[in-house]
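Hi everyone, and thanks for making time for this. I'd like to walk you through some side-chain contacts today, so please have the viewer open.

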Amino acid sequence: MVKEFNGFNLVAHNCLINANVDWGNVSEARRLFDEMPERNEVSWTVLISGLLRCGRVDEAMWYFGRNPFQNVFLWTATISGLVHNGLSYEAMGVFVKMLASGVAPNDVTFTSVVRACGDLGDFGLGKSVLVLIVKFGFEDKLSVSNSLVSFNLKLGNIDLARRIFNRMEERDVVSWTAILDMYVDTGDLIEARRIFDEMPERNEISWSVMISRYSQGGYSKEAVSLFHEMIQCGFIPNTSCYSSVISALASLKALQEGKNIHGHVLKIGMDRDIFIFCSLVDLYCKSGNTKDGRLVFDSILEKNVVCWNSMVTGYSLNGQLAEAKELFNQIPNKNNISWNSLITGYIETENFDRAFETFNEMILSGEQSNKSTFSSVLKACASLVSLEKGEYMHAKVVKLGFQNDVFMGTALVDMYAKTGHIESSRKVFNGMLIKNEIAWTAMIQGLAENGFAEESLSLFEEMERTSTITPNDLILLSVFFACSHCGLVDKGLFYFNSMEKVYGIKPSERHYTSVVDMLSRAGRISEAEMFITDMPFEPEVNAWAALLSGCKTYGNEKLAEKIAKKLSELAETKSGGYVLLSNIYASSGRWLDVSNIRKMMQEKGVKKSRGCSWIEVRNRIHLFLSQDDSHAQSSEIGEVLKLLNSEMVIL
DNA sequence: GTAGGGTTAG
């Protein structure tokens, strides 16, 4: 029996309110509700949950306070709505009031309440709720068990989550997806994939979990191929899948395929999803196309801070720092990622002064610097060889409690190594709780480049003995460098020969050059010559230079002449060739040849990067370029230099 | 009225 009043129908009216909320017409929904001569509990529930769904919390709570009805639906709708708006604390408050009012919670109430406990990260609270769940008899409800599994996963109680999962009599796609996410979270993507393949049922969310985690974990190719598989299996990808796969394509710089998906997304009308659009901005920018990235960015109607950051990063990555800075200034609600993006951009373009300036501004603005900030800024200290700044940053890292982070440790190891303080470097390295491949690389490389060849090699051997890490191309380069500098040629050759067979790494030009250097330094000139001619690709200019320097040390005039000729041919095509050749002539006192080459370079318009050095005095970097006296005190410095020269005694 | 998923920086 439908109740009629004033020619209106109460049930139909409630439906109309709901429909208006769904269409985003919240004001109309409110008007309809306010003008109703009579309302039942459904009217109140529909309006309040609708307002909460649209994020209009204050209005919703205003109505909630005036609602005359007592029923579990209304309480539950309000609790879940608050949780959805990130107001878990308030949600728990409503739950407590609900219990006090005498209305009994049901299974749906508990799923929301457990989620609130998870969002609050409060294990004790969760345990108290569990007591209530048992008291009301919902512990075996599938949805409640699922929420308990997720709660424990979120708080890191993996064993407990697993136990609840194993104890469940009934499992659905949600349970399986939660447990899949557990393996994904612990970084065991292989086990995660096994679970995924064996799941009795999959929906688009299970697919999206697997795809997004492949994408986030840097397994871009796997993400893309799983996406294709998903479509072949007849599933319709949701927005999450699209944003993840676009992000993976961005990492792969697969512009064409990304464009195809862009077109498809527009066609099916997913053109309002901010996640997809952030990834699209990233796609175009990572492929070097900031213009199109900007077009996509400008087309986003309601920009959030993430898409602003994507665009700033895009400009930064492509060296367009002026554009990056301009856009950065316009961000209405910057977060620390915005700052980090700009700082990284300055560092990548070697604008270290600007990087530090921006870092200081960041601190002054009250923005929290995080681990990423320091990992960038420490890199800048390393590039500037600025120990003073580096130590200052180290102190800040310790003060903020970041010192046990593997990224921090690695950045510090590298900074101390690059500034020549290998002892501090070792100290940081030894104190690191977790050492990954990059940390080992930094330390082995640091030792080798600071002349501690034996130590570098023994650390490499220690890594092989004590860790599961397999050497990468950079580590091997350092190993060759070390072998070369302590005359362990045969050892170096042994590792070179193991590269492909044992470690599965194809030697690059730089590895070959390193071996040429190793042989030349040891005086095994003919072997070096043979090696260079047998290389599978065109040798680097540096390889010839290494051989030439060996010839000179060991007095092989004939070969030296041949190489010099070869080098002058190469100089025609390779940009660094002229510079190298002129240096070689200079070192053997052939000044006429040197000046000829310089002339040739000028005529051909070849740019030589200028010689450059700097010192740090009282926390300021003083930069000096060759043939340039723009330093403010250059004339005084020149005078002092003259004085020092006159005082020098030639022995 | 419910539980599981997504975008940016190192």
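A word on the ground rules. This is a predicted model, where local features need pLDDT of at least 70 and side-chain atom pairs count only at pLDDT 80 or more, while totals for chains, interfaces and linings use all residues. Residues are numbered from 1 along each chain as its sequence is written, chains are lettered from A and ligands numbered from 1 in the order in which they are written, and side-chain values use heavy atoms, with hydrogens and water left out.

Let's begin with charge. Side chains of opposite charge can pair when their charged atoms come close. I call it a salt bridge when a side-chain nitrogen of Lys or Arg is within 4 Å of a carboxyl oxygen of Asp or Glu. By that rule the count is 25 salt bridges.

Please find Glu 198 and Arg 194, a salt bridge with its closest N and O atoms 3.1 Å apart. Both residues sit in helix 12 (residues 189-198), four residues apart, or about one turn of the helix. Helices here are DSSP runs of H or I with at least four residues, numbered from the N terminus. Arg 194 has 39% relative accessibility and so counts as partly exposed. On that scale, buried is under 20% relative accessible area, exposed is over 50%, and partly exposed is in between, with a 1.4 Å probe and protein chains only.

Asp 517 and Arg 521 also form a salt bridge, at 2.9 Å between the closest N and O atoms. They are four residues apart in helix 31, so about one helical turn separates them. Arg 521 is partly exposed at 43%.

Now, which parts of the chain does the salt bridge between Arg 524 and Asp 490 link? The N to O distance in this salt bridge is 3.3 Å. The pair links distant parts of the chain, 34 residues apart: Arg 524 is in the loop between helix 31 (509-521) and helix 32 (525-533), and Asp 490 is in helix 30 (residues 489-503). Arg 524 is partly exposed at 24%, and Asp 490 is exposed at 52%.

On to the rings. Rings of Phe, Tyr and Trp (its six-membered ring) pair if their centres lie within 6.5 Å; planes under 30 degrees apart are stacked, over 60 edge-to-face, and the rest tilted. The count comes to 26 aromatic pairs. Phe 64 and Trp 75 are edge-to-face, because their planes are at 80 degrees, with the centres 5.4 Å apart. Phe 64 belongs to helix 4 (residues 57-66) and Trp 75 to helix 5 (residues 72-84), so this pair ties together parts eleven residues apart in sequence. Both Phe 64 and Trp 75 are buried.

Phe 496 and Phe 531 make another edge-to-face pair, 5.5 Å centre to centre with 70 degrees between the planes. Phe 496 is in helix 30 and Phe 531 in helix 32, so parts 35 residues apart in sequence are tied together. Phe 496 is buried at 9%, and Phe 531 is buried at 18%.

Last stop, helix 18 (residues 290-299). Its buried residues are Thr 290, Gly 293, Val 296 and Phe 297. They span an arc of only 115 degrees around the axis, which puts them on the same side of helix 18; the arc is that of the directions from the helix axis to the C-beta atoms. On the other side of helix 18, Lys 291 and Leu 295 are exposed.

Definitions and conventions: Helices (H or I, at least four residues) and strands (E, at least two) are DSSP runs, numbered from the N terminus.
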